[in-house]
Amino acid sequence: MLKRILSIGLALAGVAATALVAATPAHAVAFQTTATNLNIRADAYLSAAVVKVLAGPTSVEVDCQRSGDSVTVPGRAATTWWAHLPAHGGYATVGYINTPGTKLPGVPDCPPDPEPPSGDVTLADVQAMFGTRIANPTLVNTGLPSLNQAMRDANINTPRRKAAFLATLVHESRLEYNIREIGDTRLYGGRGYIQLTGDFNYRPAGQYFGIDLLGNPELARSLQWSAPIARWYWTVARNINPFADALNMGKVNAAIGYPAGAEDTRRCDSFKNALRYLSGSVPAGVICTRPAALAGDTSKLTKAQFEALGQTPGTVG
């Protein structure tokens, strides 16, 4: 009997070891980059947040590569392949790596990402994340179905993205869909989950959804439109998911559109609390401070202007 148990245990250990080998690149291969100030991104997409700017040309180690956005470098064929640089915590386009082809030789494909966790956020979830900030549980619970739908529509489907989005909204509106900014009597003052503010936001949001927000701004805090408008701002007016992916709450806060200050720290603490609840821990590398260029009120910037300010001059990739 003991012999049989040992045999089964060894067999299971072998299966586990085989699975681990299949999921983890076996080795890293050295290459030379060809660019100065090369952007290292959180994912294999040009929209992904820049996690580091790598001076160069320099030697790097690549453990795997994955297909993403196409990049064309002068004098080279376009490539959709991006190299994962484990020492730098992100991806660089193969276009700026010294190799004759469009894909790196001798480097395995990266394993596919795990399926994002499923399941809607419940009242119990947000109360566990944010405690007394949930001041009106009945109202919050009424809005959660529409808010969960907006999160699905916006691909807010990982612990990092959910934590950043919910931490933002709990500070904007206490997760109350129909809230009006206290003391704000302006016609286009803050309303709804995301506290939509200014005709420069009401107009494009209304055009996007085909509703007259300029003529009827109260729609922005209706149960029907409050959550979709928050989703619009998160993904259309700005592109905030990549900042959450990179644990860059500083840029998340800058994208919302208020000047830097103590509120940034409070929101970052809420992000950590939500992340701890959703994933069991807070990973190293959370960024709570903003780039200097984004320290001011960015609310009136266009999406292109905001993204340009967030870039380091002279970077590529």
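**Entry 1**

I count two residues as in contact when their heavy atoms lie within 4.5 Å. I also remind myself that this is a predicted model.

With that in mind, I looked up who meets whom between helix 8 and helix 9. On the helix 8 side I found Met249, Asn253 and Ile256, and they meet Asp264, Arg267, Cys268 and Phe271 in helix 9. Sorted by class, this contact has four nonpolar, one polar and two charged residues.

Next I checked how the two helices are placed. Helix 8 covers residues 249-256 and helix 9 covers residues 262-279; their axes come within 10 Å and cross at roughly 120°. Angles from 65 to 115 degrees count as roughly perpendicular and those over 145 as roughly antiparallel, so helix 8 and helix 9 are oblique to each other. I noted the handedness too: helix 8 passes helix 9 in a right-handed crossing.

**Entry 2: helix 2 and helix 3**

I then turned to another pair. Helix 2 (residues 123-130) packs against helix 3 (residues 137-153) at an angle of about 125°, and their axes are 10 Å apart. That makes helix 2 oblique to helix 3. The crossing here is right-handed.

Which residues make the contact between helix 2 and helix 3? From helix 2 I listed Leu123, Val126 and Gln127, and from helix 3 Pro137, Val140, Asn141 and Leu144. In this contact I have five nonpolar residues, two polar ones and no charged ones.

**Entry 3: the second largest pocket**

I was curious about open space, and looked up the second largest pocket. Its volume is about 480 Å³. I found 22 residues lining the pocket, and those nearest its centre are Glu172, Glu181, Ile194, Gln195 and Thr197.

Which elements give two or more residues to this lining? They are helix 4 (159-173) and helix 5 (199-209). Helix 4 supplies the largest share, with four residues.

**Entry 4: two spots in the backbone**

Last, I looked at two loops. Is the peptide bond from Gly56 to Pro57 cis or trans? My note says cis, with omega near 0°. I placed Pro57 in the loop between strand 3 (50-54) and strand 4 (59-62).

The other spot is Leu175, in the loop between helix 4 and helix 5. Leu175 is not a glycine, and yet it has a positive phi, about 60°.

Methods
Residues numbered from 1 in each chain as written. Predicted model: local features only at pLDDT ≥ 70, side-chain atom pairs only at ≥ 80, totals over all residues. Heavy atoms only, no water. Axes fitted to C-alpha atoms, helices over the stretch in contact; angles between N-to-C directions. Parallel < 35°, antiparallel > 145°, perpendicular 65-115°, else oblique. Left-handed = near helix turned anticlockwise from the far one by under 90°. Nonpolar A, V, L, I, M, F, W, Y, C, P; charged D, E, K, R; others polar. 1 Å grid on protein atoms, 1.4 Å probe; cavity = no way out; pocket = protein on both sides within 12 Å on 5 of 7 lines; lining within 4 Å. Points joined across faces, edges and corners; volume = space filled by probe spheres on them.
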